[in-house]
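Please read the points alongside the sequence and the structure.

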Amino acid sequence: MNENTKRTIITVGIILVLCCFITLMAGVVIWGLSKEVDKRINIEPSEVSQVRENIATFDLPPEYELAAGMSIFFYDMVSIVPEKNGYLPSIMLVQYSGVTIGDNKKMEEELRNAAQQQGGQPGVNLPIVGSFETTIKGEVTTITVSEDAKMRQWTGVFQGNLGPTLFMAQGHISGWDEQLLMDFLASIR
């Protein structure tokens, strides 16, 4: 074997060892990150109540249930859905509990804009048709009404227990229950 062949074999061997080491280290880092993310994302049924209390105390509407609750980094989210009638509106509360730079009004506007841009569902953009004011947790809150021929959505931002909180209700117009939603909003404390 000549000198150039030996150098090539040694170089290829060193490169292979380095690649194996880098792959091993990347695997360890990814495994560690996945464990950290798993700690921060809580979707266990036993933790739904805790997430609910992080956001606000409220009464579940009749024949509704907490479908999901999770904490993802600085966000807490609960989903409240009808137990049987799929045409009644679904309700979602999403709270941002991280540090805000500037004032809460900017964060509230960003939460509201995010909800309006997505229309509550990916790819759905419901046009705004009006708004009204109501009181949530003792503060006057503007509820924005968006709808098309089939769907209606209400969105509003109020101060939750740990930060600005987006309220969103969405459902079929044929099953829309305004009084149920107004009672729910009045129960938030």
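1. Lysine 137 is placed in the loop between β4 and β5; helices (H or I, at least four residues) and strands (E, at least two) are DSSP runs, numbered from the N terminus. Although lysine 137 is not a glycine, its phi is positive, at about 55°. Its relative accessibility is 29%, so it counts as partly exposed; buried means under 20% relative accessible area, exposed over 50%, and partly exposed in between (1.4 Å probe, protein chains only).

2. On the basis of the work: this is a predicted model, in which local features need pLDDT of at least 70 and side-chain atom pairs count only at pLDDT 80 or more, while totals for chains, interfaces and linings use all residues. Residues are numbered from 1 along each chain as its sequence is written, and side-chain values use heavy atoms, with hydrogens and water left out.

3. Glutamate 63 lies in the loop between α2 and β1. With a relative accessible area of 56%, glutamate 63 is exposed.

4. The sheet is open and has seven strands, in the order β1-β2-β3-β7-β6-β5-β4, with antiparallel pairing. Its edge strands are β1 (64-72) and β4, each of which pairs on one side only. From one strand to the next, the twist averages 15°. Two strands are taken to pair if DSSP finds at least two bridges between them. In general, strands of a sheet pair through backbone hydrogen bonds, either parallel or antiparallel.

5. Within this sheet, strand β6 (residues 151-159) and strand β7 (residues 164-172) run antiparallel and are joined by nine bridges. Valine 157 stands opposite leucine 166 in β7.

6. Which strands does helix α4 lie across? Helix α4 (residues 178-187) lies across β1, β2 (75-82), β3 (90-96), β4, β5 (139-147), β6 and β7, and runs at about 40° to β4. For such angles, axes are lines fitted to C-alpha atoms, for helices over the stretch in contact, and the angles run from 0 to 180 degrees between N-to-C directions.

7. Threonine 134 is in strand β4 (residues 128-136). It counts as buried because its relative accessibility is 14%. Leaving aside residues up to four places away in sequence, threonine 134 touches Glu139, Val140, Thr141, Ile143, Met182 and Leu185, where contact means heavy atoms within 4.5 Å.

8. The count of salt bridges comes to two, a salt bridge being a side-chain nitrogen of Lys or Arg within 4 Å of a carboxyl oxygen of Asp or Glu. One joins the side chains of aspartate 59 and arginine 189 (3.1 Å, N to O). This pair links distant parts of the chain, 130 residues apart: aspartate 59 is in the loop between α2 (45-55) and β1, and arginine 189 in the segment after α4. Aspartate 59 counts as partly exposed at 40% relative accessibility, and arginine 189 is partly exposed at 47%.

9. Arginine 152 forms a salt bridge with glutamate 147, with the closest N and O atoms 2.7 Å apart. Arginine 152 is buried, at a relative accessible area of 18%, whereas glutamate 147 counts as partly exposed at 22%.

10. Valine 28 is in helix α1 (residues 3-40) and is partly exposed, with a relative accessible area of 44%.
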